[in-house]
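Trainee: I've got a chain to go through with you. Can we walk through it quickly?

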Amino acid sequence: FSDAQMQELESMEVDATQRSQEIHQIAKSVADLHTVFKELAVLVIDQGSILDRIDQNIEQVVVQSVEANKQLKKAENSQKSNRAMKGII
């Protein structure tokens with residue numbers, strides 16, 4: 001091999017080594033990104049569960065508020081009735 005051919009061969013070898021390192025770095029970045037997306041998926045699932053619980057709690061509050069209003073109306077009517085009875089006595 002001539003000196004020019006040896007230099008070209010060394011240059012190609014350096015380029016190939018550099019590309020190999022860059023490809024390895026890209027593969028590592030893709031693996032890291034995969035990990036991030038898996039963690040994100042877990043967070044989304046957890047938040048969905050929390051939102052479901054919040055929704056259920058709000059529904060329970062609505063039902064209990066309606067029942068509380070009924071009980072307050074009964075108490076109010078009972079109190080009015082008792083006042084009328086005291087006025088008679």
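Mentor: Start with the ion pairs. The count comes to two salt bridges. Bear in mind that this is a predicted model.

Trainee: Which residue meets Lys 28 in a salt bridge?

Mentor: Asp 32 does. The side chains of Asp 32 and Lys 28 meet at 3.3 Å, N to O. Both lie in helix H1, four residues apart. That is about one turn of the helix.

Trainee: And what does Lys 80 pair with?

Mentor: Glu 76. The closest N and O atoms of Lys 80 and Glu 76 are 3.8 Å apart. These two are also in helix H1, and because they sit four residues apart, about one helical turn separates them.

Trainee: Why can such side chains pair at all?

Mentor: Side chains of opposite charge can pair when their charged atoms come close.

Trainee: How does Asp 32 count for accessibility, and why?

Mentor: Partly exposed, because its relative accessibility is 40%. The band runs between under 20% for buried and over 50% for exposed. Lys 28 is partly exposed too, at 44%.

Trainee: Now the other bridge. Where does Lys 80 fall?

Mentor: Lys 80 has 48% relative accessibility, so it counts as partly exposed. Glu 76 has 40% and also counts as partly exposed.

Trainee: Switching topic. How many helices and strands are in the chain?

Mentor: One helix and zero strands. The radius of gyration is 38 Å, well over the 12 Å that the globule rule gives for 89 residues, so the chain is more spread out than a compact globule.

Trainee: What does the C-alpha trace span?

Mentor: About 130 × 15 × 10 Å along the principal axes.

Trainee: What share of the residues counts as buried?

Mentor: 0% of the 89 residues. The chain exposes about 8500 Å², and carbon and sulfur atoms supply 60% of that.

Trainee: Which residues make the nonpolar surface patch?

Mentor: Leu 33, Val 36, Phe 37, Leu 40, Leu 43 and Val 44. The patch covers about 560 Å².

Trainee: Take Leu 33. Where is it found?

Mentor: In helix H1, which runs over residues 3-88. Leu 33 counts as partly exposed because its relative accessibility is 45%. Patch residues need over 30%.

Trainee: Last one, on charge. How far apart are the mean positions of the positive and negative charges?

Mentor: They are 35 Å apart. The chain has 10 positive and 14 negative charges.

Definitions and conventions: Residues are numbered from 1 along each chain as its sequence is written. This is a predicted model: local features need pLDDT of at least 70, side-chain atom pairs count only at pLDDT 80 or more; totals for chains, interfaces and linings use all residues. Side-chain values use heavy atoms; hydrogens and water are left out. The radius of gyration is taken over C-alpha atoms; the globule rule is 2.2 Å times the number of residues to the power 0.38. Buried means under 20% relative accessible area, exposed over 50%, partly exposed in between (1.4 Å probe, protein chains only). Accessible areas come from the Shrake-Rupley method with a 1.4 Å probe; for residues, only the protein chains shown count as cover. Lys and Arg count as positive and Asp and Glu as negative; His and the chain ends are not counted. The place of a charge is taken as NZ of Lys, CZ of Arg, CG of Asp or CD of Glu. Patches are made of residues with over 30% relative accessible area and no salt bridge: like charges are joined within 9 Å, nonpolar side chains (Val, Leu, Ile, Met, Phe, Trp, Tyr) within 5 Å. A salt bridge is a side-chain nitrogen of Lys or Arg within 4 Å of a carboxyl oxygen of Asp or Glu.
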